Amino acid sequence: MTSYGRGLRGLSVATIATITVALALVFFYAPLDANQGFIQKIFYIHVPLAIVALCGFVVGGLLAIAHLRTGDRKWDLRSYVAIHMALIFGVGGLITGSIWAKASWGHWWVWSDPTLVSFLIVMLLFATYQPLRFSIEDPERQARYASVFAIVAGAFVPLNFIAVRMAQGVVHPRVLTLTGGRLPGSMGLTFAVSLLGIALLYATLWNYEIAAKRARMQLRRLRRAALGDDAAGALGRSAAPS
Amino acid sequence: MVDQDQQPAIELRGLTRRFGERAALNNVTVQVPTGTTLAVLGRNGAGKSTLLRILATLLRPHGGEVSVLGERLPQRAHVVRSRVGLLGHEPLLYRDLSGRENLHYHAQLHCVAPERVERLIEAVGMGKRADDPVRALSRGMVQRLAVCRAVLHEPAVLLLDEPRANLDPAAVELIEPLIGSGNGHTRVLTSHDPGAAIEDADLVLGLRDGKAAFVRQPGEVGAQQLRELYG
Amino acid sequence: MRATFAVLAKDLRLELRTFETLPAMVLFSLSTFVIFHFALGRSAVGGQLAAGILTVTLLFAALLGAGRLFVAEREQGGFDAFLLAPVDRTSLLAAKAAAMFLFLALLEVVAVPAFGVLLLGPALGPRLPGLIAVLALADLALAVIGTLVSAIAIHTRARDMISPIIGLPLLLPALIASARAAAPVFSVHGSGAPPGKWLLILALYDVVFALIAYAVFDFLLED
């Protein structure tokens, strides 16, 4: 008997604990930014969301390679969930980025920031992933074409960042360009814990969705086996693997 | 019948192919000895065309073993491709090109000498109309060109999906030497007319909902078996 | 190679018989120049604006043409016919991309002079070699991505919509690079040579996506 969501409890607890610690650090430990004040703290949510979303897109592409190599549809399911979750995190990243832009530059959107612009382009591309899947009815072809898309789009992510960054001068918020070694120690620690928390959240949600989807497929298989083909009903059109 | 040391031209063991959740072919097992004809009977949607498309390497099998001329599918599809000819529902000809242009295009893809195209065009009596665009031809003429296309590369195995559809008796006479049983081809054929197909066959496979209802000698297929398939 | 040339020759012959693609791309481009004239309220443009108008027009015309690329294969059994032949699958990609490249080059033979007459302020003549270099690299990107996206979209239900919504973001880096590279060509001042940095980006984009398309194309054909 397959057990669904094995190890999920431990992962969930670790996620909640890390995010709690991260929030505590953000509000009580990390220093106020000298120029931007309190609003700068959205950085600790915005940047990890965006980084995790981008990694999720690339991971979706890598999982798609595994799908095309093995022909095993479980890799397509994993790739789908990776991209699907990355899209949700990416929307979060865009919204928090927009709020930050409004607070620090007075505009909801700025074209002068190459990271934000590249991120928007990547989001626009991956937003077509679901419509593409939805418009292919045969589940196998859907899986195959979606994997081809995921690989092409995954490779697009770094190339796009290079092109957009070159197109605009590097005019980025003070803090973000400092990402890495030049962050003051306390900010660096807070950022690292926040990034870990968001990454764990992504991993947990990814696992939950996989478990739910696999349970649903198993249920359908059992219904068909026990009650005959008609009992399960026709499979609805769906963008998700089935 | 089957020689002990001679491999059958087509061998299916437990062939299964799904479309989504539906199994178009379910655990079909049959052997076709070299040089013989297998007639595949069944209602629309029973899996006849799917079977032909798998043998033609256009569809991949999902389960079971398939070998054509001793080569496993899908692994050795590239080898099989040059030795099977498919005549399906679609003529696979571009409507805006002439019959001659279409056949020369296929000849290039199959590395066939251009002279063979001309010989085939004459053989099916299309010499006068070979330069007209395919869209201007009658369905019978298109079918004759499609036959030329299917046998262009002199395949050892012919896969024929209702080969005589749209043809008048005179045209059937013309294509018979190309796709008939006389010249040593191994053939798999389907037909909307079970009587004619059985007459033409050495072995009959009855398909019902993707499962093999029976595999019998033509003489053993009677009214009861047909009722089973079509009833 | 043999199969690539066979498919390419067949495609060009079909285009000569039907005139379905290239004339539409030319007319579309000319109309778009007129639209830009009225939308911008300008009789003559130069520099970055001119480069943008030309590249955007070519981008949309390319997507229009790419949409037709596999229609005959899909509707008249060309895919099956090709798949039945013992030839390398990627020769279809190569042939279609080559056809697309040729269509774009022929389109530009008409559209660029028309652009020069209708909208462009500075004279084009002496700076043509630079522009040709930019357009050649841009056409390669449009041909490769156009073919790939069209092959993905052809088996979908909403193929007329799937193709542009995937193609536009995917081509954005190429658009950025070609618009930036062409800007000096259309400027009154300066040497008029396209900056090497942008040509390099464009070439990098061409190479990367040509390799990716080559690697994944097989999976779009098998069933």
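## About the model

This is a predicted model, in which local features need pLDDT of at least 70 and side-chain atom pairs count only at pLDDT 80 or more, while totals for chains, interfaces and linings use all residues. Residues are numbered from 1 along each chain as its sequence is written, chains are lettered from A and ligands numbered from 1 in the order in which they are written, and side-chain values use heavy atoms, with hydrogens and water left out.

## Where chain C meets chain A

The contact (heavy atoms within 4.5 Å) takes 29 residues from chain C and 27 residues from chain A. The size of an interface is often given as the accessible area lost when the parts come together. Between chain C and chain A the buried area (accessible area, with a 1.4 Å probe, that two parts lose on being put together, summed over both) is about 2,700 Å², and carbon and sulfur atoms give 75% of it.

One salt bridge is found across this interface, the term meaning a side-chain nitrogen of Lys or Arg within 4 Å of a carboxyl oxygen of Asp or Glu. Arg157(C) and Glu137(A) meet through their side chains in a salt bridge, at 2.4 Å from N to O. On the side of chain C that touches chain A, the elements giving two or more residues are helix 7 (128-153), helix 8 (159-182) and helix 9 (196-221) of chain C, helices being DSSP runs (H or I, at least four residues) numbered from the N terminus. Helix 9 of chain C gives the most to that side, with 11 residues.

## Where chain C meets chain B

Here the contact takes 25 residues from chain C and 26 residues from chain B, and the area buried between them is about 2,400 Å², of which 60% comes from carbon and sulfur atoms. In chain C, Gln76(C), Leu84(C) and Asp223(C) lose the most area to chain B, together 29% of what that side buries.

Between chain C and chain B the count is four salt bridges, and a salt bridge also joins the side chains of Glu222(C) and Arg60(B), at 3.7 Å from N to O. The elements that give two or more residues to the side of chain C that touches chain B are helix 1 (2-18), helix 4 (71-75) and helix 5 (78-84) of chain C, and helix 1 of chain C supplies the largest share, nine residues.

## The largest nonpolar core

A nonpolar core is a set of buried Ala, Val, Leu, Ile, Met, Phe, Trp, Tyr and Cys residues joined through side-chain atoms within 4.5 Å, and buried means under 20% relative accessible area (1.4 Å probe, protein chains only), with exposed over 50% and partly exposed in between. The largest core has 169 residues, of which Phe57(A), Phe115(C), Phe186(C) and Phe209(C) touch the most other members. Its largest share, 15 residues, comes from helix 6 (residues 139-167) of chain A. Not counting residues up to four places away in sequence, the residues that Phe115(C) touches include Phe33(C), Val45(C) and Phe186(C).

## Thr96 in chain A

Thr96(A) lies in helix 3 (residues 73-105) of chain A and is buried, with a relative accessible area of 13%. A polar atom of the Thr96(A) side chain lies 3.0 Å from the backbone oxygen of Gly93(A).

Terms used
A polar contact is a pair of N or O atoms within 3.5 Å; within protein, one must be able to donate a hydrogen and the other to accept it, and residues adjacent in sequence count only if both atoms are side-chain atoms.
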